[in-house]
Amino acid sequence: MRTTVGGAHCGPCTGSAGNDPDGGHGGVAGNGGLAVSLEDSGHPGPGPTRGRNRRRRRSRPGKKRGARLLFATLNMRGYGPTTGLTADEKWLRINQLIRDRRIAVLALQETHLTPERMRRLNDLFGASMVVHGSADPDSPTAARGVTFVVNKRIVSTPNVVLREIMPGRALALSLSWDSGRVLTLLNTYAPNHDAENAAFWSKVDAECTRTACPALDVVLGDFNVVERALDRLPPHPDALATVQALQSFLRKRHLVDGLRESRGDVPLFTYLQRATGSQSRIDRAYLQQSLAPMTEDWDISPPGFSTDHQVLSFSIANYDAPSTGKGRWAFPNALLTDTQFSKTLRSLVLAAQGRLNAMRTRTEAANPQRILHDLKVAIRSAARERAKQKIPSIRKVIAALKRDLVEASMRASNAVLSSERTDGVRDAGILQDRIAELEMKCFSTARNSVALNAHLKGETISKYWTRLNAAP
C-alpha cells in the first residue's frame, strides 16, 4: 500500500494552474496563460486606494468548504474514445460534469490511466481539478484503474491523503472538512467473476486491517454484485458466497446502503446492458451509519457522454457548520429579454402609475409607499410564474421520462407472467436510452453556451473574465 499527501499521489500530478480548456471557472482564456490582477501587477488601482495609504487585500487562508459537499461515482469505460470522442474530449466532459453539477469529489472506475496520462491531465486541467489515480500493474492502458477527481474550487487539495489499497482496484482518499473533521472515501472496482469478487472483499478487508487504514466513511464505486434481487431487472439474486463476502466487509465497518436508506425499495438502476435490455444497480455508495441521516440529494443520471453506466451522486451535510439559510429571491436574468414578461411588466407599472395619479388624499391604505410595495410584490409574483413557464421543455420531458422509468421498472419487478416482465424490461431499457439521449443534448447545449461566453467575453475585462482568471 502506498500513501501520499497533497499533490503527490499514485502517479505524477503537477497540480499547477493552467488553461481550463473547457472554458469553465478556473481557466485563463485568450491571454497566453498569463493572469494579471491590479494588485499583482503593481497597478495603483482606482480612487482612494492609491499611494501608501492603499489597503492590502488579505490573502485567504484556505479553501472555503461549504456545509454540504456533493460526491459522485461513475464507471467511464476506459480512457479512450467512446462514440466518436477522443480521450481529451472525454475528459473535457468529465471537467464539465464536476463543474456544472458542483461535484466536490468524483470517483471513477475503469479509467486506464498511466502515470504519463495522469500527468498530462493534471497539466491540462490543473486550474480547476486534480486527478489522483491507481493503475493496474499488469495492463494499465487496457484494464481496470480507479481514480479520484477532486474539484479544486470546492476542496482544499494540498491536505488530501491517498492510500493505494489494491493497485487498479481500490484507492482510499482522505480530505479535511470544517472543524478539523476528516472524511475517508474508498473507491472500488470489483472483479466481474463471482469467485474473484468474493476474494476481492476479503483482500481489501485484510489490507485495510493490516495497514491500520482510517475508518471508512464512504465506500463507493462499481461493485459488480448486488445484495438483493430487487437491484436487478429482471430480478434475480447473485451468488450467495459473493454477497456474503461483501456483507461481511460492510458489517465490520458499520456501512449501510445510502440510496436504500433514503429511497426505500424503489427499483433504481445504474447500468444498462443494451444487448439484452437488462439493468442493475451495481454502482453504489455505502456510508457510515452515523452519516446516513446527514446525506441527501441522491440522484442517478446520465453523465452527458456515451457510457452504459450512470452517475450516482449524493451530498453529505456538516451540521456543525453555521446555518446560512435559503438566501433571498433574485430576479431571473433570463426575463430581462423576455418579450412576454416585458409586456406584463409594462402593464403592472402603468397600473401602479394610474393608482398614484388617482390618489387625492394620503391614507394608511393609499399612499406612494404602499403603491410601490404592491407593485414590487406583483412584479415578483409575475416573474416567478413566468420563470416556471420558461423552464426548458427538454427538462420537463426528462422529468416525465424518469417517472415513467420508475413505473416501468416496478411493473417488471412485480410482474407475475414472463410476458409482462419481458415487456417491462424492454420499456425500461427504451426509456433509459431516451433519457441518456436528452441528457447528452442538454450537456452539449451547456458546452456551447460556455464556448460562446468564452468567445464573447474571454478577451474583455469583465466580471466573467475576472471569475475565469481567479486563483483556485
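**The second largest pocket and its surroundings**

Mentor: Six nonpolar, ten polar and seven charged residues make up the lining of the second largest pocket. Here Ala, Val, Leu, Ile, Met, Phe, Trp, Tyr, Cys and Pro are nonpolar, Asp, Glu, Lys and Arg are charged, and the others, Gly among them, are polar. A pocket is an open set of points on a 1 Å grid over the protein atoms alone, where a 1.4 Å probe fits, with protein on both sides within 12 Å along at least five of seven lines; lining residues have an atom within 4 Å of a point.

The model is predicted, so local features need pLDDT of at least 70 and side-chain atom pairs pLDDT 80 or more, while totals for chains, interfaces and linings use all residues. Residues are numbered from 1 along each chain as its sequence is written, and side-chain values use heavy atoms, without hydrogens and water.

The second largest pocket holds about 340 Å³ of space, the volume being that filled by probe spheres set on the points, which are joined across faces, edges and corners. It is lined by 23 residues, and N224, R232, Y271, S280 and I282 are the closest to its centre. Strand 10 (232-233) and strand 13 (279-280) are the elements that each give two or more residues to this lining; strands (E, at least two residues) and helices (H or I, at least four) are DSSP runs numbered from the N terminus.

Next come the rings. There are eight aromatic pairs in the structure. The ring centres of W201 and F223 are 5.4 Å apart and the planes are at 15°, so this pair is stacked. W201 is in helix 4 (residues 194-210) and F223 in the loop between strand 9 (218-222) and strand 10, 22 residues apart. W201 and F223 are both buried. For these terms, Phe, Tyr and Trp rings (the six-membered one in Trp) pair with centres within 6.5 Å, and planes under 30 degrees apart are stacked, over 60 edge-to-face, the rest tilted. Buried is under 20% relative accessible area, exposed over 50%, partly exposed in between (1.4 Å probe, protein chains only).

F223 belongs to one aromatic cluster with F200, W201, F249 and Y286. R284 lies over the face of F223, 4.8 Å from the ring centre; a charge sits over a ring if NZ of Lys or CZ of Arg is within 6 Å of the ring centre and within 35 degrees of the ring normal.

That leaves the charged pairs. The whole structure has 21 salt bridges, each a side-chain nitrogen of Lys or Arg within 4 Å of a carboxyl oxygen of Asp or Glu. In one of them, K252 meets D205 at 3.5 Å, N to O. K252 is in helix 5 (residues 240-252) and D205 in helix 4, so parts 47 residues apart in sequence are tied together. D205 counts as buried, at 16% relative accessibility.

R281 and D231 also form a salt bridge, at 2.9 Å, N to O. R281 is in the loop between strand 13 and strand 14 (283-288) and D231 in the loop between strand 9 and strand 10, so this pair ties together parts 50 residues apart in sequence. R281 is buried, with a relative accessible area of 1%, and D231 is buried at 2%.
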